[in-house]
Amino acid sequence: MKRLSLDEYFLKIALVVAERSTCQRHHVGAVAVKKKHILTTGYNGAASGLKDCLELGCLRNQNNIPSGERHEICRAIHAEQNVIIQASLHGISLEKATVYCTHTPCILCAKMLVNAKIERFVSLREYSDKSFLELFNQAGIKIDILKRPSLKINFLE
């Protein structure tokens with residue numbers, strides 16, 4: 001049995017976090033990590049305590065809005081935004097953190113991550129909005145898009 005790398009470990013956790021998503025288009029999970037320790041997690045879904053797309057339906061689907069456009073027409077708060085919000089609520093700095101996320105960020109999330117001063121962004125797949133690339137390059141944020149780790153859970157009983 002091969003031990004998971006840290007990148008595989010945290011990406012697998014991001015995939016599990018994504019299972020909490022209430023979005024009907026993409027399940028997105030994110031994990032903020034610093035010095036091998038999880039700081040916060042987030043997934044995409046409606047604001048806390050409000051009805052979500054599973055209950056009310058997807059506004060973006062109802063209006064035929066393509067992925068990557070018109071982010072303001074959506075009930076969901078993005079996973080990356082929730083990672084930042086959770087850090088704020090708990091008094092945690094994301095400066096020099098790595099964010100592991102199932103998808104690359106939209107430009108709005110990218111701007112927030114730049115201001116949160118993250119150091120690295122690791123993802124499994126590219127979201128349709130690629131405008132984050134130039135912004136991350138200018139900010140010196142390292143970007144790694146890795147292959148999806150095995151979803152098999154390996155452990156000895």
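The model is predicted, so local features need pLDDT of at least 70 and side-chain atom pairs count only at pLDDT 80 or more, while totals for chains, interfaces and linings use all residues. Residues are numbered from 1 along each chain as its sequence is written, and side-chain values use heavy atoms, with hydrogens and water left out.

**Pocket and cavity**

The largest pocket holds about 310 Å³ of space. Its lining has 17 residues, and those closest to its centre are Tyr 43, Ala 46, Ala 47, Ser 48 and Asn 82. At least two lining residues come from each of strand S2 (37–43), strand S3 (45–46) and helix H4 (79–89). H4 gives the largest share, four residues. Helices (H or I, at least four residues) and strands (E, at least two) are DSSP runs, numbered from the N terminus.

One cavity of 30 Å³ or more is found in the whole structure. The largest cavity has a volume of about 250 Å³, and among its 18 lining residues, His 26, Val 28, Asn 44, His 78 and Tyr 127 are closest to its centre. On a 1 Å grid over the protein atoms alone, a cavity is a set of points where a 1.4 Å probe fits but cannot get out; a pocket is an open set with protein on both sides within 12 Å along at least five of seven lines, and lining residues have an atom within 4 Å of a point.

**Cysteines**

No disulfides (pairs of cysteine sulfur atoms within 2.5 Å) are found in the whole structure. The cysteine sulfur closest to that of Cys 109 belongs to Cys 106, 3.7 Å away, which is too far for a bond.

**Accessibility**

Buried means under 20% relative accessible area, exposed over 50%, and partly exposed in between (1.4 Å probe, protein chains only).

| Residue | Relative accessible area | Class |
|---|---|---|
| Cys 58 | 6% | buried |
| Cys 109 | 0% | buried |
| Thr 102 | 4% | buried |
| Leu 4 | 37% | partly exposed |

Thr 102 is part of strand S5 (residues 98–103). Between the C-alpha atoms of Thr 102 and Val 16 the distance is 9.9 Å, although the two residues are 86 apart in sequence.

Leu 4 sits in the segment before helix H1 (6–18).

Key: Points joined across faces, edges and corners; volume = space filled by probe spheres on them.
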